[in-house]
Amino acid sequence: MKRPLKRSNAPIFWALFGAGGMLSALLGPILVFITGLAVPLGMLLPADTMSYANMQAFAQNIIGKGFIFAIIALFLWHAAHRIFHSLHDIGIHAGIVAKLICYGGAMVATLITAYELLAIGF
Amino acid sequence: MSENQRIIEIEVLRYHPEKDKAPYQQVFQVPFTDDMSVLQGVQYIKDYLDGSLSFRWSCRMAICGSCGMMINGEPSLSCETFLRDYYPARVRVEALAHFPIERDLVINMEGFIEKLESIQPYIIPKEPRTLAQGEYLQTPAQLGAYEQFSSCINCMLCYAACPQFGLNSEFVGPAAMALLHRYNVDSRDGGKAERMELVNSEEGVFNCTAVGYCSEVCPKHVDPANAVNQNKTNSAADYFMRFLTPKGGAK
């Protein structure tokens, strides 16, 4: 062991990964069902559930905004972390480059999401 | 030779670093009976076919942890793996994966010993204790918190199983981390803060990608993957909490 030990900054990414994983496991399947099956096929839910007006109102509501932000940003951080580690597993140790592409991508998409959600107004 | 004695082919990885450019395979025809382990198979080779074959062994009963080998590519204790389960196919025996080979099936375990030392695998008392104070008392629940993690026999099968240790040998790894956890959760111990430094470091728990093969191959049913992943939570808490606590969690 090399001393002194350097503290790993992994907990930041691991926490985002964990939060995204938890959220995607709990809400991912039902979101796929609602947006991909129930609404388009007219099952269970009213036909206008995902109409433009409804969705805009949802995105303008503060709780709706928070929900959309958490779903998009945390899912992305989860995916970025998973892809980064899978690259390592299959032998691509690009280090800083892979890190920038994976986590940088998630960071940029997070900022764009935040900007768009604010731009759509309250 | 008794009637029920059969012949099995054992393919052994040979390597003598002073003489050989690279490791190579050698096949031996070994007579065996139903009760013979793979270890007894390689012992037969050493006694009757090729005395130069080198391997470690001691207790023959899955207690000492010396005879770990890759058997058909799986990290196993050769003393509790039986030739009859492979017959009539050939069985392939190699040195434990992810370690440098010293000779034939003997690996260099220096790196592992260093890791064991680095986790301070002993009780560091919370405060000095005199003989007059008597023995430490523990409840069954306090014992239960660490008991399974104390069954490690240092056989290193989990290191041969761990793909992340294979990619980065600096990683503290499953067995050492399980033992670290064993002391950290012992009610008699006060050394957690010192050990957390290692857990939190770049050589620490976050090298693990939760594959879980370490726990699968453990011959003593220790669950190192559990210890490592509990400590990811501990480490993440330590990482963020140090900004909130006045003294800070760790350096």
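**Figure 1. Overall view of chain B in the predicted model.** Of the 251 residues in chain B, 47% are buried, where buried means under 20% relative accessible area, exposed over 50% and partly exposed in between (1.4 Å probe, protein chains only). This is a predicted model, in which local features need pLDDT of at least 70 and side-chain atom pairs count only at pLDDT 80 or more, while totals for chains, interfaces and linings use all residues; side-chain values use heavy atoms, without hydrogens and water. Residues are numbered from 1 along each chain as its sequence is written, and chains are lettered from A and ligands numbered from 1 in the order in which they are written. The C-alpha trace of chain B spans about 75 × 40 × 30 Å along its principal axes. Its secondary structure comprises nine helices and seven strands; helices (H or I, at least four residues) and strands (E, at least two) are DSSP runs, numbered from the N terminus. Among the contacts in chain B with a separation of 6 or more, 64% join residues 24 or more positions apart, a contact being heavy atoms within 4.5 Å.

**Figure 2. The two domains of chain B.** Domain 1 covers residues 6-107 and domain 2 covers residues 110-241 of chain B; such bounds come from an automatic or database domain assignment. The C-alpha centres of these two domains lie 30 Å apart. Each domain of chain B gives 17 residues to the contact.

Figure 3. The size of an interface is often given as the accessible area lost when the parts come together. Between domain 1 and domain 2 of chain B, about 1100 Å² is buried, and carbon and sulfur atoms give 69% of this area; buried area is the accessible area (1.4 Å probe) that two parts lose on being put together, summed over both. On the side of domain 1, B:Pro75, B:His98 and B:Phe99 lose the most area, together 49% of what that side buries. The interface has four residue pairs in polar contact (both at pLDDT 80 or more), that is, pairs of N or O atoms within 3.5 Å; within protein, one atom must be able to donate a hydrogen and the other to accept it, and residues adjacent in sequence count only if both atoms are side-chain atoms. Strand E3 (68-71) and strand E4 (74-77) of chain B each give two or more residues to the domain 1 side, and E4(B) provides the largest share, four residues.

**Figure 4. Close-up of the interface between chain B and chain A.** The contact takes 25 residues from chain B and 17 residues from chain A. About 2000 Å² is buried between the two chains. In chain B, B:Glu202, B:Phe206 and B:Tyr239 lose the most area to chain A. B:Glu202 also forms a salt bridge with A:Lys6, with the closest N and O atoms 3.5 Å apart; a salt bridge is a side-chain nitrogen of Lys or Arg within 4 Å of a carboxyl oxygen of Asp or Glu. The count between the chains is two salt bridges. On the chain B side, the largest share, seven residues, comes from H9(B).

**Figure 5. Close-up of A:Thr110.** A:Thr110 is found in helix H4 (residues 96-119) of chain A. This residue counts as buried because its relative accessibility is 11%. A polar atom of the A:Thr110 side chain lies 2.6 Å from the backbone oxygen of A:Ala106. Not counting residues up to four places away in sequence, A:Thr110 touches A:Phe69, A:Ala73 and A:Trp77.
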